[in-house]
Amino acid sequence: MISKIAAVILSLFLGAFSIETQAQQVSALPRSSPEKEGVSSSGIIRFLDAVAGSKDEFHSFIFLRHGKVIAEGWWDPYKPALKHTLYSVSKSFTSTAIGFAVSEGRLSVNDKVISFFPEDLPDTIPPNLSVLTVKDLLDMSEGQDPEPTSKVITMDSNWARSFLAIPVVHRPGTQFLYNSLGVYVLAAIVQKVVGQNVVDYLTPRLFQPLGITDADWEISPQGINTGGWGLRLKTEDLAKVGQLYLQEGRWKGKQLLPAKWVEEATTASIDQVHDSLTRAQRNYNDWLQGYGYLFWRCRHHAYRADGAFGQYIIVMPDQDAVLAITSETADMQDELNLVWSYLLPAMQKNPLPAAPKETAALQQRLASLALPLLPGTADAPAAANISGKTFSFAPNVNHITGMSFSFKDHLCQLTLQTDTAAYQLSFGSGKWAAGKTTLHGPHLTSPAKASLTGLPPFRTAGSYRWKDANTLELVLRFIESPHTQTIDCHFDPGKMSATIYNSFDFAHKGIELHP
């Protein structure tokens, strides 16, 4: 009887597993070889060579031609199943939510912004604020100057009210100035008119039809998705959304997003005026090609969703191609230059002859992509002396009060104590040690009130080495974000000092901890 029950349970499990696997296969993008889709495998290899020789740290990419994935890769420890912080790529998803709301008659791009926030308006409404429209928020022509985001999100809990109190010094619609807080206001407008936050509103309209699961999005102190940043998706999810836009809003024969909205959102609505630059200089700059509804225009008649440190959805209509990228770089133009210099010329109009050797070399290269590990070394004698001991620190900006270490089988376990919590972090010698933590890693908006609120524990990959007999180096990658934290620990008899480096502090100043 027990064996029959077990057999039934196993059958149900395998059936459920089969259904889930089939669903995953149905939702995945189709795959093809580069040459079949008119792309040179050797050209993609040259792109990877250029990436390896650049100053940019790529984490993943997916390259689509004619709707099919022809090349994809993740630099270990980044993985296909991991989400990635997208920073301002989130803006294009907020734009998409506005597009759905417009198509459903819930609002118009010509609606006045003040009409949505009667309870948050200043006592006197200045003329420029009174004419500010949804369209002005979409194309970054709010008229505020300077851009207010960093000041507001760190000092106030009602971000929309603060936005409406900021002087509008230029007539809306006349001058471009990047303004992330205005995109948060768009997210707040969506929540007001549809009764859901943006990520929930997009789920049945965008995410589910495209087979996108596990999307999450940071929220503000008022429980509103942050709009201009904070969305996390997988790389293939980005590629799918790019393909949806390339197909003018159609997906598997169904019009999800109106083609008229796709055209309007991705056409230049306003120009970035830089009188000090010549036309030749502007033609070389992908940030001076015009701006749509939270989409950037690119050179080569392309357009993109664009996030800090090199998160991209690049749509190339002339080539019928899409490229999704996650990365960390201090020079985002350099990454785009790599695309235009190597991938663009690799694409031809017609299919290319089969090139089995080149295709096999490309597949081998893609399978071996990895970020450099710290060299594995035997533990220094100091490891035995510090194992199990706790080292305390004087007050510091990171609120770290102490650290303790345990070494065993080429694994270092760090307990990091702050004034509010203790965090267990794992580091491997000559390998990555996987982990999860509620510790907030380096993040561009970390000073914001409610920063990273609404997200589950963060996945990490850690590696360590002894730089010398008394100096331990710990590298902790937050592998659902672009960023890495490095801790150099120096041990003296009975005490320890440390320096913490955040990867996007490209000046490498570091934060020092002293006993």
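## Helix α10

In α10, the buried residues (under 20% relative accessible area, with exposed over 50% and partly exposed in between, using a 1.4 Å probe and protein chains only) are Thr235, Glu236, Asp237, Leu238, Ala239, Lys240, Val241, Gly242, Gln243, Leu244, Tyr245 and Leu246. That's 12 of the 12, so the helix is largely enclosed by the rest of the structure. Helices here are DSSP runs of H or I with at least four residues, strands are E runs of at least two, and both are numbered from the N terminus.

The length checks out too: α10 (residues 235-246) should span 16 Å at 1.5 Å a residue, and its end C-alpha atoms sit 17 Å apart, which agrees. The expected span is 1.5 Å times one less than the number of residues. After α10 comes Glu248, with a positive phi near 55°.

## Where the model comes from

This is a predicted model, where local features need pLDDT of at least 70, side-chain atom pairs count only at pLDDT 80 or more, and totals for chains, interfaces and linings use all residues. Residues are numbered from 1 along each chain as its sequence is written, and side-chain values use heavy atoms, leaving out hydrogens and water.

β18 (residues 471-478) has eight of its eight residues buried, so it is largely enclosed by the rest of the structure. Thr471, Glu473, Val475 and Arg477 cover one side, while Leu472, Leu474, Leu476 and Phe478 lie on the other.

Strands count as paired if DSSP finds at least two bridges between them. β17 (residues 458-468) pairs antiparallel with β18 over eight bridges, and a two-residue hairpin joins them. Tyr464 has Leu474 of β18 as its bridge partner.

On to β19 (residues 484-492): seven bridges join this strand to β18, again antiparallel, with a hairpin of five residues between them. Here Arg477 bridges to Thr484 of β19.
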